[in-house]
Amino acid sequence: MNSLAKVPVTVVTGFLGSGKTTLIQHLLSNAGGKKLAVLVNEFGSEGVDGEILKSCADANCPEENIIELANGCICCTVADDFIPTMEKLLARPVRPDHILIETSGLALPKPLLKAFDWPEIRSRITVDGVIALADAEAVAAGRFAPDPDAVEAQRAADQNLDHETPLSEVFEDQIACADIVLLTKADLAGAAGLEAAKAAIIAEMPRRVPMLPVTDGAIDARVILGLGAAAENDLAARPSHHDGEEEHEHDDFASVVVDLPEVADVDALVASVQKLAREQNVLRAKGYIAVAGKPMRLLLQAVGERVRHQFDKPWGAGHRRSKLVVIGEHGDIDEAAIKAGLGI
């Protein structure tokens, strides 16, 4: 890359559990010789996704090029975290060919795009594209939109009511900012689910962009990297619920980190997590679990009642401790009730 050329940056957005980390894992393993760097932003103080990605580090993306920002949503901590981190990356002896940013599942992408106009970085980087991931099965089931019958009843009673929910606003902002939408968990959604998800997403698009089904993050990097969108110069085409606001908050959502004892029965833990989703409206749970008699750590990830788990790598010396990050809407997160539901 010419030293005067802008480094392209791809922003990967999408709601909690939509598969952003899985997609970036695939890109790291199929970079086509490009030198990559990754910024990972998580909601809450405990980094799980960054750990997952660091296990994929290689010569084209060494571990020091995978950077976690865990001090709050990146869209709210631009000056404190994002700008200094980008400056450090660009100052490295070997400059990356391409930078990937995995936003928090609750982040609004448009405020981040505005940051690319900061004087310190605007002449050196450009937003190559915004890739929005949407869990096709969840979208098809209507989990990101208000209940249409309930909304219609409320509207008939009071035309001035705000019928948006925190979930739907975040989802709609992410879709509205996208250059490409990836319909993830396509294998779980099935053909009918994919069509229903497409219809729901088209209804929220301010402009038509490509939509592609994806399973386990597998997509040719050439399809989503190298778009040349220069999205920082195209903000008017990417409307947001928060346009015109000086600041926005994420007070609608909360997270709690739960320390767990060593687990003897993985199936029982999975059942407990599913029950939390069912009875306490937990949106997302993720973490590493120490399983009795096993030297490997168990990576557990849940989206609603859908739980996946796998042993990923041995515990490091002195690091064998179970932690689970639980995320939900603010009124649903009760730390004592969550701990009781997990048997603590």
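## D97 and K35

D97 and K35 form a salt bridge, with their closest N and O atoms 3.5 Å apart. D97 sits in the loop between α3 (78-90) and β4 (98-102), and K35 in the loop between α1 (20-29) and β2 (36-41), so the pair ties together parts 62 residues apart in sequence. The model is predicted.

How accessible are the two partners? D97 has a relative accessible area of 17%. The cut-off for buried is under 20%, so D97 counts as buried. K35 is partly exposed, at 31% relative accessibility.

## R306 and D135

R306 forms a salt bridge with D135. Their closest N and O atoms are 2.4 Å apart. R306 belongs to strand β11 (residues 306-314) and D135 to strand β5 (residues 125-135), so this pair ties together parts that are 171 residues apart in sequence.

## D179 and R207

A salt bridge joins D179 to R207, the closest N and O atoms being 3.6 Å apart. The pair links distant parts of the chain, 28 residues apart. D179 is in the loop between α7 (166-176) and β6 (180-184). R207 is in the loop between α8 (186-202) and β7 (211-213).

D179 is buried, with a relative accessible area of 14%. R207 is partly exposed, at 22%.

## Overall count

Side chains of opposite charge can pair when their charged atoms come close. In this model the count comes to 17 salt bridges.

Conventions
Residues are numbered from 1 along each chain as its sequence is written. This is a predicted model: local features need pLDDT of at least 70, side-chain atom pairs count only at pLDDT 80 or more; totals for chains, interfaces and linings use all residues. Side-chain values use heavy atoms; hydrogens and water are left out. A salt bridge is a side-chain nitrogen of Lys or Arg within 4 Å of a carboxyl oxygen of Asp or Glu. Helices (H or I, at least four residues) and strands (E, at least two) are DSSP runs, numbered from the N terminus. Buried means under 20% relative accessible area, exposed over 50%, partly exposed in between (1.4 Å probe, protein chains only).
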